[in-house]
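Hi,

Here is the structure I said I would pass on to you.

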Amino acid sequence: MRWRAGETDSRTDTTFLLFSGCVYGNECDVVASKCEQSSVLLKELRSSMMSEGSSFMKGLILGGIFCLVMSFFETFNSGTHSEGHEHLHHHLKPVSKDELQKLSESQMSDWTLQVRVYCLIMVTPKLLVHWATANDTWSKHCDKSVFYTSESSKALEAIDLQEQDEWARLRKAIKHAYENAGDLRWFFVARPTTYAIIENLKYLVLDKDPSQPFYIGHTEKSGELDYVEYDSGIVLSYEAMRRLIEIFKDEDRCPERGHALWKTPEEKQLATCLKYTGVFAENGEDAQGKGLFNKKSVSSLISDSMGQNPADVVEACCSDMAITFGGMSPSQIQVLMYGVYRLRPYGHDFHDSLTFLPPNDSDND
């Protein structure tokens with residue numbers, strides 16, 4: 001169809017005005033159905049513009065803005081419909097001490113041996129110092145830790161995925177971990193700037209069934225989408241991973257490169273794909289309702305608490321059973337390792353009911 005400024009015949013409908021602003025042709029296909037539903041509104045707007053004598057340019061601008069808005073709507077609402085799976089859990093808490101006391105020693109021992117964690121640590125050469133620090137500290141407490149990188153490094157061992165796009169790289173890492181997990185049934189995805197206490201993670205999922213779909217961490221909301229903050233670490237059960245692998249095959253609902261006109265963070269793309277399979281983000285909390293996964297560093301949390309709760313800084317800051325802290329520097333991670341695993345008051349016993357032994361052949365602290 002050809003169109004010249006000033007022509008207003010029936011062929012020049014609102015759909016044309018809309019798509020004249022969608023300079024990225026493929027993106028228009030994604031929102032076409034939504035665009036057509038808005039034709040009545042656009043006709044009224046076009047009528048107003050035509051009377052002012054510059055309909056083409058205004059239509060172009062209007063179309064561009066509208067296409068961007070609808071693409072944004074598509075991006076954050078594509079996961080609002082699942083396949084009918086019922087969401088049974090929302091705020092996850094660990095088993096209570098009273099419940100643990102009801103178990104025999106052999107039952108508790110069996111539980112601790114069954115909970116094993118595969119850690120996926122996403123790294124890049126530009127974060128080499130963080131990479132080396134994670135490799136030398138908390139990752140040793142994972143039953144299996146694998147570093148996944150965008151490109152190889154001679155200094156440290158990692159799986160080179162040869163992928164610069166963060167979402168595509170995360171997908172490849174998840175697929176590799178799923179295929180190489182062996183009998184491990186819990187997965188922890190983290191950046192090297194995150195510090196994790198794996199024993200506390202095991203305690204959280206101790207009584208959870210990994211054959212059920214779990215997607216746990218520090219939850220946030222974007223529109224209708226609940227997602228887990230990447231900086232706080234992401235916990236996935238074996239069933240959640242299995243469903244992810246399946247939905248990865250569906251490029252319409254879980255595209256590798258995305259349909260939006262701008263880049264969507266991988267944490268939101270992950271949540272959208274999971275939501276299509278009936279897996280929903282869940283906030284990890286302790287018995288008092290305090291968050292276990294923190295997207296901020298310890299120093300930032302304490303600083304915030306000093307300003308907001310000066311009378312009770314530590315109590316208001318963090319859970320005693322915290323699992324992660326995000327945005328940590330290498331030196332902060334080293335200090336926290338010392339405080340968590342080495343510093344002890346002489347003669348004081350915490351009387352924990354469970355003991356999580358280090359992985360075989362591990363040289364962890």
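Let me start with Glu256, which counts as partly exposed at 25% relative accessibility. For that label, buried means under 20% relative accessible area, exposed means over 50%, and partly exposed is in between (1.4 Å probe, protein chains only).

Before I go on, a word on the source: this is a predicted model, where local features need pLDDT of at least 70 and side-chain atom pairs count only at pLDDT 80 or more, while totals for chains, interfaces and linings use all residues. Residues are numbered from 1 along each chain as its sequence is written, and side-chain values use heavy atoms, with hydrogens and water left out.

**Salt bridges**

Glu256 forms a salt bridge with Arg257, and their closest N and O atoms are 3.5 Å apart. (A salt bridge here is a side-chain nitrogen of Lys or Arg within 4 Å of a carboxyl oxygen of Asp or Glu.) Arg257 also meets Asp165 in a salt bridge, at 4.0 Å from N to O. Why does that pair tie together parts that are 92 residues apart in sequence? Because Arg257 lies in the loop between α10 (238-247) and α11 (266-276), while Asp165 lies in the loop between β4 and α8 (166-179). Helices and strands are DSSP runs numbered from the N terminus (helices: H or I, at least four residues; strands: E, at least two). Arg257 is exposed at 54% relative accessibility, and Asp165 is partly exposed at 22%.

These residues belong to a network of salt bridges that links Glu163, Asp165, Lys172, Glu256, Arg257 and Lys263. Searching the whole structure gives 23 salt bridges.

Another one joins Glu315 and Lys290, at 3.0 Å from N to O. Glu315 sits in helix α13 (residues 313-317) and Lys290 in the loop between β11 (282-284) and β12 (293-294), so to speak distant parts of the chain, 25 residues apart.

Now for the strands, which count as paired if DSSP finds at least two bridges between them. Strand β2 (residues 117-123) runs parallel to strand β3 (residues 144-149), with 6 bridges.

Cheers
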